[in-house]
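Please examine the sequence and the three-dimensional structure shown below. The paragraphs that follow lead through the fold, element by element.

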Amino acid sequence: MMELTILGGAGEHGRSSYLLRREDRYLLLDCGMELQRDEHDFPARMTYMLSRTQAVFLSHAHEDHSSGLPLLEQYGYTGDIWTTRATLKQLPVCLRMHEQHLNEQHYVVADQKSDQWSYHTASELANPLTYEHNDNDQRQVKVSSDAERKPLSSLKFRYLEDVAPPGEWTWLRPELQVCWGRAGHLPGSIWVAVNWYGKTIFYTGDYSAESRLLEADRPLHHSRIISRAHPSPGQIPDLDLAIVDAAYGVDTDRQGNKLSQLSRYMKETLKRGGAILLPVPLYGRGQELILWAREQFAQIPILVEQDLLEALELFAAEPRWLRSDGAERIAQLLKHPQLYRLTDEHSREALFRQHPSSILFTDDGMLQSVKAQQHYTRIATSAVNRVIFTGDLAHGSFGRLLLMDMEHQGCQIHHVRYKVHQGLPDVRQMLLDLKSPRTLLVHATRPRTDGLALRLEQEGFQQVHSLKPDDQLYF
């Protein structure tokens, strides 16, 4: 028997981390663990587990999958963290922005106490995390300081693309075999299948086959591959367990439907001479939506925070993760005459005054930061303007408070999800592709996964689990 302990991510949206155990050996899938736990024996348990952990796999850089990385070093992990080069490039900014957002929650919601995230001091928050090579082409995470450059961690990163191409199985250790593929969520984002001590486990990470920019490798059971003329990376054997991204629950909408609704709202606003504010995260759907908006509204001024465009340039530098036309589409966008970069407070104010009917992208999906709220303040008073949120909004976030305020006056507030995860039809197809394995649904609240599990069971799927953090599953 093998044991899976949910450290985070099942029964909640975020904090993804799944610990596999066989006897006194461990394997960790993603590292979005809590940085502080109240249990008095937490340090001792972490030290014991991490000293016996044989490998860590990091699916991508988003903070809900990576924010627990400091715990690995803190509690003595000395093994390899398997990920991709593109993920490692994004990791410093994702971790730094996570830290900054936690500190800004006091400003946004005065009566809500923020989580404590204390692996480095507040004086270091404004300084960028950087990476340095060592002689083995592994990297060390460091944090810059005006006084000194002191190490945050000596974690060792290894790159899956160096040991095998997508879809091919390879041995990392005598007891550990791995196969990986592109997950279509970010450049560098992956799904992972492992065969460990004779058990085969598949983990999606954050998976989406509907990205208009990023390529995804479809994971298929080996019996599902029909044509060798068109091979699909990801030839998966019978699984003992699949851990499957099901963030959208029973939602059946396809990406095209979401974009049609978004386009309708935007056309209505622009026709009346209004402005649209699109708050998006720094990496991910923001770059896709900027491209889509430019292609849909070619004559409309598009005002974009510089950091979002720099992230888009990083996308272009990673063509192996893009669809075949991705790099060319990015190049056309970056030289478009109606694209304007927002670099400081002066340019934000001046360009908005110059283009009052425009599409504005700010790099904060929940409007938590001071900068993002200043953008909101510029458009808030006019009823012809719109704010459109395109992702999940955490309880207590400024964006959620706006969306739920039934007495809100001024600009209109809408929520139109842009798909970067899986809903019912996506999960159903994935389970069919993998020959209906035992499945744990993750990356959504318990009511959402309960509803999806019930729906799938009604359709004939068996052993579909909806659990919560700290639950264990034996297989």
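This is a predicted model: local features need pLDDT of at least 70, side-chain atom pairs count only at pLDDT 80 or more; totals for chains, interfaces and linings use all residues.

Which residue just after α13 takes a positive phi? The residue is K435, with a phi of about 65 degrees. Residues are numbered from 1 along each chain as its sequence is written, and side-chain values use heavy atoms, with hydrogens and water left out.

The protein chain contains 14 helices and 27 strands; helices (H or I, at least four residues) and strands (E, at least two) are DSSP runs, numbered from the N terminus. Of its 475 residues, 58% are buried, where buried means under 20% relative accessible area, exposed over 50%, and partly exposed in between (1.4 Å probe, protein chains only). Among the contacts in the protein chain with a separation of 6 or more, 71% are between residues 24 or more positions apart; a contact means heavy atoms within 4.5 Å. The chain exposes about 19,600 Å², of which carbon and sulfur atoms supply 47%. Accessible areas come from the Shrake-Rupley method with a 1.4 Å probe, and for residues only the protein chains shown count as cover.

Strand β27 (residues 472-474) pairs with β1 in the antiparallel sense over three bridges, and L4 stands opposite L473 of β27. Two strands are taken to pair if DSSP finds at least two bridges between them. β1 is also joined to strand β3 (residues 17-22), by five bridges and again in antiparallel fashion; here R21 in β3 is the bridge partner of E3.

Helix α4 (residues 85-108) includes L95. L95 counts as buried because its relative accessibility is 4%. The C-alpha atom of L95 is separated by 6.4 Å from that of S67, although the two residues are 28 residues apart along the chain.

Seven strands build an open sheet of mixed pairing, in the order β11-β12-β13-β14-β17-β24-β26. Its edge strands, β11 (170-173) and β26 (464-466), each pair on one side only. From one strand to the next, the twist averages 25 degrees; axes are lines fitted to C-alpha atoms, for helices over the stretch in contact, and angles run from 0 to 180 degrees between N-to-C directions. Within this sheet, β17 and β24 run parallel and are joined by four bridges, with A242 opposite T439 in β24. Helix α13 packs on the sheet, where it touches β14, β17 and β24, and its direction makes about 155 degrees with that of β17. Helix α14 lies across β24 and β26, running at about 165 degrees to β26.

The helix of the opening question, α13 (residues 424-433), is mostly covered, with seven of its ten residues buried. These are L424, P425, D426, V427, M430, L431 and D433. The buried residues of α13 pack against β14 (199-203), β15 (220-221), β17 (241-245), β24 (439-442) and α14 (446-458).

A further open sheet consists of six strands with parallel pairing, in the order β20-β19-β21-β18-β22-β23. β20 (339-342) and β23 (412-415) stand at the edges with a single partner strand each, so one side of each is left without a neighbour in the sheet. Neighbouring strands of this sheet are turned by 20 degrees against each other on average, direction ignored. Strand β22 (residues 386-389) pairs with β23 in the parallel sense over four bridges, and V387 stands opposite I413 in β23. Helix α10 (residues 345-354) packs on the sheet, touching β19 (302-305) and β20, and its direction makes about 150 degrees with that of β20.
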